[in-house]
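Me: I have a structure open and would like to learn how to read it, one feature at a time. Could you walk me through it?

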Amino acid sequence: MKLIDGKAVSQKIKEDLKLRIDQIKAKGERVPGLAVVLVGENPASKVYVANKIKDCEQVGIKSIHCHLQEHTEKAELIKTIEKLNNDKEIDGIIVQLPLPKHLNENEILSHISIHKDVDGLSAYQMGKLTLGIPELTPCTPSGVMEMLRYYEIPTEGKRAVIIGRSNIVGKPMAMMLMKENATVTVCHSRTKDLAEICSKGDILVAAVGKARFVNSDMVKEGAVVIDVGINRVDGKLCGDVDFDNVADKCSYITPVPGGVGLMTRAMLLLNTLKAYELYA
Ligand code: NAD
């Protein structure tokens, strides 16, 4: 079994990014910019936002942090987003989720310019991905594809099974693996014979949100197992895969922490540079 090292792969991506941004700086041109909008005081969201700002600093992306109060009205938040849409120094906009209950997330996110949608979750960006002509793609599944590429894990002709059909992970993951010529099955909460289907996967991606959900009965001998899950059990992080139970059966496996999560962070930076190159 080989461990897929998210730290090493994300570090490499960040180093490459830094070089590319250094070249932009050396030419005296404007560097890419990312705006992170936080509404309220959710402690986990604050940590995520701080990480994003730190990541930007590391590679030389300019970042703006817009922190609005918990009770901010819809109109004020939309005004903030529209101002960022028109800001020529900003290439990407992230509104940190979850938003306070009185704000409708889908409605708010729909105000982000499709050209600054570095989460890749707008109808336009998801549509482009679905048509097989991706521009800005959702960060988590993009990070998974980068890991597979880095370790030269073939996808063509392979059976890929994804557990989870969310817009943020499962669905775009299916599109990306299909584009790379895998034969893809997407499982979800109503799937029958889940273990049997999973155990046929050469590549198994778990994005369920249930701690240690995937056990060795669900894993094919020699499979590549990608654990997207982030769960907190007794104050410790663990994935959707029962790592100790499954690891011996896999050819490759990602750990939690130290796996997909770090890749998601790196892909946000890459998308910001992509948006700068594509649309600025
Ligand atoms: P979600 O709740 O939106 O979707 C979960 C999916 O799992 C659903 O499609 C559901 O049908 C399926 N599911 C639930 N119970 C099931 C069952 N018993 N059998 C089969 N399928 C079942 O979650 P999400 O946003 O896609 O996130 C999934 C996990 O990935 C969570 O742990 C989340 O924290 C994590 N996540 C991690 C990253 C990262 O960067 N590593 C990014 C996003 C999400």
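Me: Let me begin with one residue. Where is the place of Gln 96?

Reply: Gln 96 sits in the loop between strand 4 (92-95) and helix 4 (105-109). Helices (H or I, at least four residues) and strands (E, at least two) are DSSP runs, numbered from the N terminus. Before we go on, this is a predicted model, in which local features need pLDDT of at least 70, side-chain atom pairs count only at pLDDT 80 or more, and totals for chains, interfaces and linings use all residues. Residues are numbered from 1 along each chain as its sequence is written, and side-chain values use heavy atoms, with hydrogens and water left out.

Me: Is Gln 96 buried or exposed?

Reply: Buried means under 20% relative accessible area, exposed over 50%, and partly exposed in between (1.4 Å probe, protein chains only). Gln 96 has a relative accessible area of 7%, so it is buried.

Me: What does the side chain of Gln 96 contact?

Reply: A polar contact is a pair of N or O atoms within 3.5 Å; within protein, one must be able to donate a hydrogen and the other to accept it, and residues adjacent in sequence count only if both atoms are side-chain atoms. Here the side chains of Gln 96 and Lys 52 are joined by a polar contact of 2.6 Å.

Me: Where does Pro 257 lie?

Reply: Pro 257 is in the loop between strand 11 and helix 10. With a relative accessible area of 53%, Pro 257 is exposed. From Pro 257 to Val 228 is 29 residues in sequence and 9.9 Å in space, C-alpha to C-alpha.

Me: Now backbone angles. Which residue other than glycine has a positive phi near 50°?

Reply: Glu 152 has a phi near 50° and is not a glycine. Glu 152 lies in the loop between helix 6 and strand 5, and at 71% relative accessibility it counts as exposed. Arg 212, likewise not a glycine, has a positive phi of about 50°. Arg 212 belongs to the loop between strand 7 (203-206) and strand 8 (223-227), and its relative accessible area of 45% makes it partly exposed.

Me: On to rings. How many aromatic pairs does a search of the whole structure find?

Reply: Rings of Phe, Tyr and Trp (its six-membered ring) pair if their centres lie within 6.5 Å; planes under 30 degrees apart count as stacked, over 60 as edge-to-face and the rest as tilted. The search finds two aromatic pairs. In one of them, the ring centres of Tyr 151 and Tyr 252 are 5.9 Å apart and the planes stand at 65°, so the pair is edge-to-face. This pair links distant parts of the chain, 101 residues apart: Tyr 151 is in the loop between helix 6 (139-150) and strand 5 (159-163), and Tyr 252 is in strand 11 (residues 250-253). Tyr 252 is buried, at a relative accessible area of 16%. Ring pairs join Tyr 150, Tyr 151 and Tyr 252 into a cluster.

Me: And the ligand: how many residues surround it?

Reply: A residue is near a molecule or strand if one of its heavy atoms lies within 4 Å of it. The ligand has 22 residues around it, the closest being Arg 165, Ser 166, Ser 189, Lys 210 and Thr 264. A polar side-chain atom of Ser 166 lies 2.5 Å from a ligand oxygen atom. A backbone N or O atom of Arg 165 is 2.8 Å from an oxygen atom of the ligand, and a polar backbone atom of Ser 189 is 3.0 Å from one.

Me: Which helix gives the most to the shell around the ligand?

Reply: That is helix 10 (residues 260-279), with three residues.

Me: Last, how is the protein divided into domains?

Reply: Domain bounds come from an automatic or database domain assignment. Here they give domain 1 (29-113) and domain 2 (139-261), with 29 Å between their centres, taken over C-alpha atoms.
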